[in-house]
Amino acid sequence: KLNELEELEKAHPEFFDPNSPTQRVGSDINSSFKQVKHQYPMLSLSNTYSEGEVMDFYERTRKSLNADFELVCELKYDGSSISLIYENGILTRSITRGDGEMGDDVTSNVKTIRSIPLRLQGDDFPEKFEIRGEILMPWTVFDELNKEREEQEEPLLANPRNAAAGTLKMQNSAEVAKRKLDGYFYYLLGENLPSNLHSENLYFARKWGFKVSDAIKVCKKPEDVFEFLSRWNVERKNLPVATDGVVIKVNSAVQQRNLGFTAKSPRWAIAYKFQAEQAV
């Protein structure tokens, strides 16, 4: 059936639909990637490694804002950062982080990832917006791939993050499609977002068809944050994909703007890194 559709599309290019199931399969045409400038720079977060440092962040935020605020805790997925641009509900562009200012346009590869919507559900999304997340290779796929490589005496892949990043950079999207990548999304950007609250925007993203983690908690006080940290330090080992910490963000977009940025990272968010597991 898919072959038939591919033939029809070739015969009638005027009916080409960027959301056609054939786009999920990828093409074997080699394409080198075009560099694209990010509309909003993709900054990295400053890292913390202890509850004391999280407390420092909380106190700094409290002093700067001088008002009540909420924090949102969510898992930090260990994959390859991506920014997707949607216009009128249709995926038009997918850009890697690159150096934060410019990234690679990997749209044809990202279209092969089945959990990423090519067309959004519903009709209450902004005309144009950007959504950021991580492209991940699930543990099962990673283990399977390494087993094949071992049998063929090829060097093994170090970890799912490098494997996902390498896959996104493959020149052949048909190969990418075979690698069964996944994507989790955690941040909306744009002019007319549905809510001023980050946590509510994630709820909308989920409704439009994005994979958004259920491990999200709105916290009113530091104790809520610490509870989330200790719970997920254990629970994350049962997840299908790799995580390496928790991201803690100020919930209100107005307060985020008031806090602003340092040269390298937002003042309204930090990453708490779990203790690295000792490999035997």
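Which residue is the bridge partner of Val72 in E9? The legends below take up this pairing and the nonpolar cores.

The model is predicted: local features need pLDDT of at least 70 and side-chain atom pairs count only at pLDDT 80 or more, while totals for chains, interfaces and linings use all residues. Residues are numbered from 1 along each chain as its sequence is written, and side-chain values use heavy atoms, with hydrogens and water left out.

View 1. Val218 is the bridge partner of Val72 in E9. Strands are DSSP runs of E with at least two residues, helices are runs of H or I with at least four, and both are numbered from the N terminus. Two strands pair if DSSP finds at least two bridges between them. E3 runs antiparallel to strand E9 (residues 216-219), with four bridges joining them. With strand E10 (residues 243-250), E3 forms seven bridges, also antiparallel; here Tyr77 stands opposite Thr243.

**View 2. The largest nonpolar core.** A nonpolar core is a set of buried Ala, Val, Leu, Ile, Met, Phe, Trp, Tyr and Cys residues joined through side-chain atoms within 4.5 Å. The largest has 32 residues, and those with the most contacts inside it include Leu84, Ile116 and Phe210. Helix H7 (198-208) is one of the elements giving two or more residues; its four residues are the largest share.

**View 3. Surroundings of Phe129.** Beyond neighbours within four places in sequence, Phe129 is in contact (heavy atoms within 4.5 Å) with residues including Tyr86, Leu188 and Trp208.

Notes
Buried < 20%, exposed > 50% of the residue type's maximum accessible area, 1.4 Å probe, protein only.
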